[in-house]
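I am keeping these entries as I look things up, one topic at a time. The sequence and the coordinates come first.

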Amino acid sequence: MHSDVVASRSAEHRDSRESRSGSTPHLDAVSLAIIEQLQEDGRRPYAAIGKAVGLSEAAVRQRVQKLLDQGVMQIVAVTDPLTVGFRRQAMVGINVEGDVESVAEALTDMSEVEYVVMTAGSFDVLAEIVCEDDDHLLDVINKRIRALPGVRSTESFVYLKLKKQTYMWGTR
């Protein structure tokens, strides 16, 4: 059951990242207030947001679209992977010989990989993986990640229980 939702979500994250590769957009107080409103409730009507931030519904709609187009934010349904059929999550630390960027880029193309970050420290890359079960996780790590050119070693941190997951850091 490889989910089209996961593949779509990965493509959206990749697209968002690519759109941010240019200059950093300037966010004024009103844009930050709009983001806060949407973080509280991603389905809040534009009219209600407008009332809270002092803009018309149309102006809020334009601002939100611009924030989306610039890759500043995404409006998505956040799910608990366990409830939608993904019973295994893990963070995988990856050590790379040579070009770290090419390994990180290859990871972004894998539908099971939700998060990729290049790091300084014990690992060159960290990748969060969401899979259906242990066999699926083993297949992704052993046959796909370890097969990437430049991957020297991996270390897996299997999630036993998720205690906190939040996306509210945007404007603090």
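Entry 1: Is Asp139 buried, partly exposed or exposed, and at what relative accessibility? I looked this up in what is a predicted model, and at 30% relative accessibility Asp139 counts as partly exposed. I then checked what Asp139 meets, and found that Lys143 forms a salt bridge with Asp139, with 3.8 Å between the closest N and O atoms. As the cut-off for such a pair is 4 Å, I note this distance with some care. Lys143 and Asp139 are four residues apart in helix H6, and so about one helical turn separates them. Lys143 itself is exposed, its relative accessible area being 58%.

**Entry 2: the chain as a whole.** I stepped back to count elements, and the protein chain has six helices and four strands, which run α-α-α-α-β-α-β-β-α-β from the N terminus on. Of its 172 residues, 32% count as buried. When I took the contacts with a separation of 6 or more, residues 24 or more positions apart accounted for 69% of them. The chain exposes about 10,700 Å², of which carbon and sulfur atoms supply 51%.

**Entry 3: strand S1.** I asked how many of the nine residues of S1 are buried. The count is nine of nine for this strand, residues 88–96, so S1 is largely enclosed by the rest of the structure.

Entry 4: Which residue does Arg88 meet in a salt bridge? Its partner is Asp134, with the closest N and O atoms 2.5 Å apart. Arg88 lies in strand S1 and Asp134 in helix H6 (residues 134–145), so the pair ties together parts that are 46 residues apart in sequence. I compared the two ends for accessibility: Arg88 is buried, with a relative accessible area of 18%, whereas Asp134 counts as partly exposed at 46%. The 18% of Arg88 should be read against the cut-off, since buried means under 20%.

**Entry 5: the other salt bridges.** The count for the model comes to seven salt bridges. Asp28 is partly exposed with a relative accessible area of 28%, and Arg63 is partly exposed with 25%.

**Entry 6: helix H3.** In H3 (residues 46–53), I find Ile49, Gly50 and Val53 buried. Seen down the axis of H3, the buried residues fall within an arc of 100°, so they line one face of the helix. I looked for what covers these buried residues, and the cover includes helix H2 (29–40) and helix H4 (57–69). Just after H3, Gly54 takes a positive phi of about 85°.

Entry 7: Met110 sits in the loop between helix H5 (100–108) and strand S2 (113–118), and it is buried, with a relative accessible area of 7%. From C-alpha to C-alpha, Met110 and Ile129 are 9.3 Å apart in space, and in sequence they are 19 residues apart. On the surface, I noted a nonpolar patch formed by Val76, Val78 and Tyr167, with about 280 Å² of accessible area together. Tyr167 is found in the segment after S4, and at 44% relative accessibility Tyr167 counts as partly exposed.

How values were computed
Residues are numbered from 1 along each chain as its sequence is written. This is a predicted model: local features need pLDDT of at least 70, side-chain atom pairs count only at pLDDT 80 or more; totals for chains, interfaces and linings use all residues. Side-chain values use heavy atoms; hydrogens and water are left out. Helices (H or I, at least four residues) and strands (E, at least two) are DSSP runs, numbered from the N terminus. Buried means under 20% relative accessible area, exposed over 50%, partly exposed in between (1.4 Å probe, protein chains only). Contact means heavy atoms within 4.5 Å. Accessible areas come from the Shrake-Rupley method with a 1.4 Å probe; for residues, only the protein chains shown count as cover. Patches are made of residues with over 30% relative accessible area and no salt bridge: like charges are joined within 9 Å, nonpolar side chains (Val, Leu, Ile, Met, Phe, Trp, Tyr) within 5 Å. A salt bridge is a side-chain nitrogen of Lys or Arg within 4 Å of a carboxyl oxygen of Asp or Glu. The arc is that of the directions from the helix axis to the C-beta atoms.
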